[in-house]
Amino acid sequence: MTKHARQYGPLASIIATALLAGAATPALAAGVTAGTLIENTATANFEEAGTPRSVDSNTVIVRVDELLDVTVTSLDTGPISTTRSDAVLTFEVTNPGNGPEAFLLTPEAAVAGNDFDVTIRGVAIDSNGNGTYDEGVDQILTGPLTTPVLAPDARVTVFVLVTVPQTAADGQTSNVQLTAAAATGNGAPGTTFAGQGQGGGDAVVGSTGALADARGRLNSAVASVQLVKSVALRDPFGGTSAVPGSVATFTIEARVSGSGSVANLVVTDAIPAGTTYVPGTLALDAGTLTDAADADAGTASDASGISVTLGSTAAGTNRSVTFDVQIDQ
Amino acid sequence: MKTVTTFLLACAAAVSLTAPIVPLAAQNAAPAVSVDGDIKSEKTVPDANGKTSVELVDPASFLPGDRLIFGQNYANTSAEVVTNFTITNPLPEAVRLAPDADPALEVSVDGGKTWGKLSALSVTASDGTTRSATHADVTHVRWVLATIAPGTSGRVAFPVIIR
């Protein structure tokens, strides 16, 4: 029987090891999950007066503490080109710690060096996880701006919704900063929050200070329109005097500058008092337009003046509208 | 076989009188050796001569990457010489053997089946290829002492890192 005991002894310890291996700790970049118990027991085997004996040590149990860390990254591929309207900046908040943790979010529009500051409309979580802000789908945070609890190594996409002010000029830039801080607390690396770790251990601030920020950048792309009006006179005597019967050719040049485009651009002008529109003289970029309201872009009459619809016009475009009037006799 | 093994284990655990594995007297007597484990960390402190020394202290925290010292203090409390003394310490899943462990330490990378210095061991992957064992592969460490004199004590220890 003694022989049996010797034979099965090692087998028993192998079985015990196999059971331990069954309760494997997840292999995470962040390390062992907070709250995991490390239990250490040694076994001594020896012969006492020729008799084999075995004795176990006491079991020393320690609990893995929670490491508080966070990273924030801008997911925008570059500066966001925007008009004076609403824009969305995209960030990613990651939990590199070893315990589930929520993070407090603080968006900041007034960043040093900004040409203009946006208005922050809200902060939203990418609820459907598609990486794009979906109005009415992605949850806009209210009250304390806090991410959902992120598991170790988990990440969440956060949208900062902003409005670009009317004062933003073309080519100006603005940074928007998003800060995330561990909900349990932050501070210098090594700062300990006793008993506040996941699973009952301590929470200890890691190398990131449990506080991180990233900036997204906006480029204001504003198109502006400048109208330059000029006149050329031809009098009945071959000169350029403004006398009754003289014909005045007005040129209205519409210059669109900046970036992007303007929509629904319409050039209108009244026929000056004491003059009469010369029918059939309305032209756009030297192409004649009919006076009637029809398929082409222009209408012209004494009573209503001229109107030329240019529609959506890209920055860098110059359009020229011309028409003649005759000084009344 | 498995049933028998389980039965024997259960009997051993209950120190059953019906399983005369070893003589009754020895079975019931307190073992000659006690083993007392601890978990410490090392702290470097300056001494009076301006040099530094390393002290064992209670760890302030247990975080992934932290280095700990697993120690076992043994003592022969009997009046008899103890022979063929082996302390086996399975490594908990959550730790790995630290790279600065004594290269002469006797270790196992296969759950305690085979033993040797780490440099002499290898690991076979599921695809049949083998590679040299690393510190992270170690599953058990052990120390073997031929004898422990009556009334003497000692300490064995090894460094680990929380995974």
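A residue is called buried if 20 or more other C-beta atoms lie within 10 Å of its own, exposed if 12 or fewer do, and partly exposed in between, with C-beta atoms placed from the backbone. The structure is a predicted model, in which local features need pLDDT of at least 70, side-chain atom pairs count only at pLDDT 80 or more, and totals for chains, interfaces and linings use all residues. Residues are numbered from 1 along each chain as its sequence is written, while chains are lettered from A and ligands numbered from 1 in the order in which they are written.

**Residues with positive phi**

Most residues other than glycine have a negative phi. A:N264 is not a glycine, yet its phi is positive, at about 55°. A:N264 counts as exposed because it has 9 C-beta neighbours inside 10 Å. Its place is in strand 19 (residues 261-269) of chain A; strands (E, at least two residues) and helices (H or I, at least four) are DSSP runs, numbered from the N terminus. A:D285, also not a glycine, has a positive phi of about 50°. A:D285 lies in the loop between strand 21 (283-284) and strand 22 (287-288) of chain A, and is exposed, with 9 other C-beta atoms within 10 Å.

**Sheet and strand pairs**

Two strands pair if DSSP finds at least two bridges between them.

| Strand | Partner strand | Bridges |
|---|---|---|
| Strand 6, chain A | Strand 8 (residues 86-94), chain A | 4 bridges |
| Strand 1 (residues 33-46), chain B | Strand 3 (residues 67-76), chain B | 8 bridges |
| Strand 3, chain B | Strand 11 (residues 153-162), chain B | 9 bridges |

Individual residues show how these strands face each other. A:S74, found in strand 6 of chain A, has A:F91 in strand 8 of chain A as its bridge partner. In chain B, B:D38 stands opposite B:G71 in strand 3, and B:G71 in turn stands opposite B:A157 in strand 11.

Is A:S74 buried or exposed? A:S74 counts as buried because it has 20 C-beta neighbours inside 10 Å. Not counting residues up to four places away in sequence, A:S74 touches A:F91, A:A214, A:R215 and A:G216; contact means that the C-beta atoms of two residues, placed from the backbone, lie within 7 Å. A:S74 and A:L89 are 15 residues apart in sequence and 8.0 Å apart in space, C-alpha to C-alpha.

B:K40 belongs to strand 1 of chain B. With 16 C-beta neighbours inside 10 Å, B:K40 counts as partly exposed. Its contacts, leaving aside neighbours within four places in sequence, are B:L56, B:V57, B:D58, B:P59, B:I69 and B:G71. B:K40 and B:R67 are 27 residues apart in sequence, and 9.1 Å separates them in space, C-alpha to C-alpha.

**Nonpolar cores**

A nonpolar core is a set of buried Ala, Val, Leu, Ile, Met, Phe, Trp, Tyr and Cys residues joined through C-beta atoms within 7 Å. The largest core has 77 residues, of which A:V70, A:V158, A:V160 and A:A180 touch the most other members. Strand 12 (residues 155-163) of chain A supplies the largest share of this core, 6 residues. A second, separate core of 11 residues includes A:A44, A:F46, B:V33 and B:F85.
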